[in-house]
Amino acid sequence: MLRIEDIKIGAIQDSQYVIPFRVKYVQNGVSKVWDLVKSHGSVAVIIFNISRNVLVCVKQFRPGVYLSSIPDCDKTDSIDTNKYPPSLGVTLEFCAGIIDKNKPLEEIAAEEVLEECGYKVSSSKLERIQSLRCSIGISGNIQTLYYVEVDDSMKVSEGGGVETELIEAVELSLDEGRQILASSSPTSPGEFLYGLLWFYHNKCPNNDTRKVTNSFLKICFRLLK
């Protein structure tokens with residue numbers, strides 16, 4: 001996954017995933033301008049393997065995370081991957097995918113579970129948690145979060161994504177998940193941390209919810225300072 005080279009930065013010519021545009025409006029008599037991006041909504045799935053009490057997550061390289069880890073002075077036409085290793089852009093997330101098919105969201109989510117993590121699940125077994133507003137400053141798109149339980153007998157492949165995707169399915173122990181929530185700077189999106197907290201509060205067996213919640217709140221307070 002980390003054999004990444006020849007990284008270059010350039011302008012967007014034409015994209016099937018994002019469309020930048022500008023909004024002008026008047027608020028309380030003041031003219032304002034806001035630059036936005038139109039993008040697809042998405043689905044994400046919290047997967048809990050009840051055979052071994054582990055969360056099934058994914059790791060992948062995210063260019064945006066990688067570039068935000070590099071000082072502006074070194075964001076030239078070509079990035080020095082020796083100085084800034086691609087591991088800076090690897091995130092831990094829940095299985096997820098964009099909504100680019102004319103299908104029920106549960107079916108799209110079940111397909112992502114199979115493609116990325118290798119578990120064959122019925123869309124009827126997916127429990128809808130909530131639809132979240134993501135990237136509210138730039139797109140405001142919606143991600144619908146689901147929960148599903150699997151066991152080892154449902155594992156039919158290694159996952160890893162489709163076509164040119166390079167996704168690593170990983171297992172997260174209950175203690176490892178708690179450590180992530182207690183971390184001061186986890187390399188995961190906010191939706192992932194929210195999903196972890198929801199899992200520990202609602203589904204985790206033999207869990208001390210108060211301990212996990214307090215750890216997460218400490219992170220929030222540090223970010224607000």
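This is a predicted model: local features need pLDDT of at least 70, side-chain atom pairs count only at pLDDT 80 or more; totals for chains, interfaces and linings use all residues.

Reader: What makes Asn 28 count as exposed?

Author: The relative accessible area of Asn 28 is 79%. Exposed means over 50%, so Asn 28 is called exposed. Asn 28 lies in the loop between β1 and β2.

Reader: What is noted about the phi of Asn 28?

Author: Phi of Asn 28 is positive, about 50°, although Asn 28 is not a glycine. Ser 135 is another residue other than glycine with a positive phi, in this case near 45°. Ser 135 belongs to the loop between β7 and β8.

Reader: Why is Ser 135 called partly exposed?

Author: Ser 135 has a relative accessible area of 44%. The partly exposed class lies between the buried limit of 20% and the exposed limit of 50%, so Ser 135 falls into it.

Reader: How do you know that Asp 35 forms a salt bridge with Arg 22?

Author: The closest N and O atoms of Asp 35 and Arg 22 are 2.6 Å apart. The rule asks for a side-chain nitrogen of Lys or Arg within 4 Å of a carboxyl oxygen of Asp or Glu, so the pair qualifies. Asp 35 sits in strand β2 (residues 30–39) and Arg 22 in strand β1 (residues 18–27), 13 residues apart.

Reader: How many salt bridges does the rule give?

Author: The count comes to 11 salt bridges. Among them is the pair of Asp 74 and Lys 83, with the closest N and O atoms 2.9 Å apart. Asp 74 is partly exposed at 21%.

Reader: Why is Trp 198 called buried?

Author: Trp 198 has a relative accessibility of 14%, and buried means under 20%, so the term applies. Trp 198 is found in helix α4. Leaving aside neighbours within four places in sequence, Trp 198 is in contact with Ile 46, Glu 127, Ile 129, Tyr 147 and Lys 203.

Reader: Which residues have the most contacts inside the largest nonpolar core?

Author: They are Ile 46, Leu 55, Cys 57, Phe 192, Leu 196 and Phe 199, in a core of 23 residues. The elements that each supply at least two residues of this core are β3, β4 (54–61), β8 (142–150), β9 (168–173), α3 (174–182) and α4. The largest share, 6 residues, comes from α4. Beyond neighbours within four places in sequence, Phe 199 is in contact with Ile 46, Phe 48, Leu 55, Tyr 147, Leu 174 and Cys 204. A second, separate core has 18 residues, including Val 56, Ala 109, Val 150 and Ile 167. In soluble globular proteins, nonpolar side chains tend to be buried together.

Reader: What lines the largest pocket?

Author: Its lining has 42 residues, of which Ser 42, Gln 60, Arg 62, Gly 97 and Ile 98 lie nearest the centre. By class, the lining of the largest pocket divides into 16 nonpolar, 16 polar and 10 charged residues. The space in the largest pocket is about 1600 Å³.

Reader: What volume does the second largest pocket have?

Author: The second largest pocket has a volume of about 280 Å³. It is lined by 11 residues, and Gln 60, Phe 61, Thr 164, Glu 165 and Leu 166 lie nearest its centre. The lining of the second largest pocket has 6 nonpolar, 2 polar and 3 charged residues.

Note on methods. Residues are numbered from 1 along each chain as its sequence is written. Side-chain values use heavy atoms; hydrogens and water are left out. Helices (H or I, at least four residues) and strands (E, at least two) are DSSP runs, numbered from the N terminus. Buried means under 20% relative accessible area, exposed over 50%, partly exposed in between (1.4 Å probe, protein chains only). On a 1 Å grid over the protein atoms alone, a cavity is a set of points where a 1.4 Å probe fits but cannot get out, and a pocket is an open set with protein on both sides within 12 Å along at least five of seven lines; lining residues have an atom within 4 Å of a point. Grid points are joined across faces, edges and corners, and a volume is the space filled by probe spheres set on the points. Ala, Val, Leu, Ile, Met, Phe, Trp, Tyr, Cys and Pro count as nonpolar, Asp, Glu, Lys and Arg as charged, and the others, Gly among them, as polar. A nonpolar core is a set of buried Ala, Val, Leu, Ile, Met, Phe, Trp, Tyr and Cys residues joined through side-chain atoms within 4.5 Å. Contact means heavy atoms within 4.5 Å.
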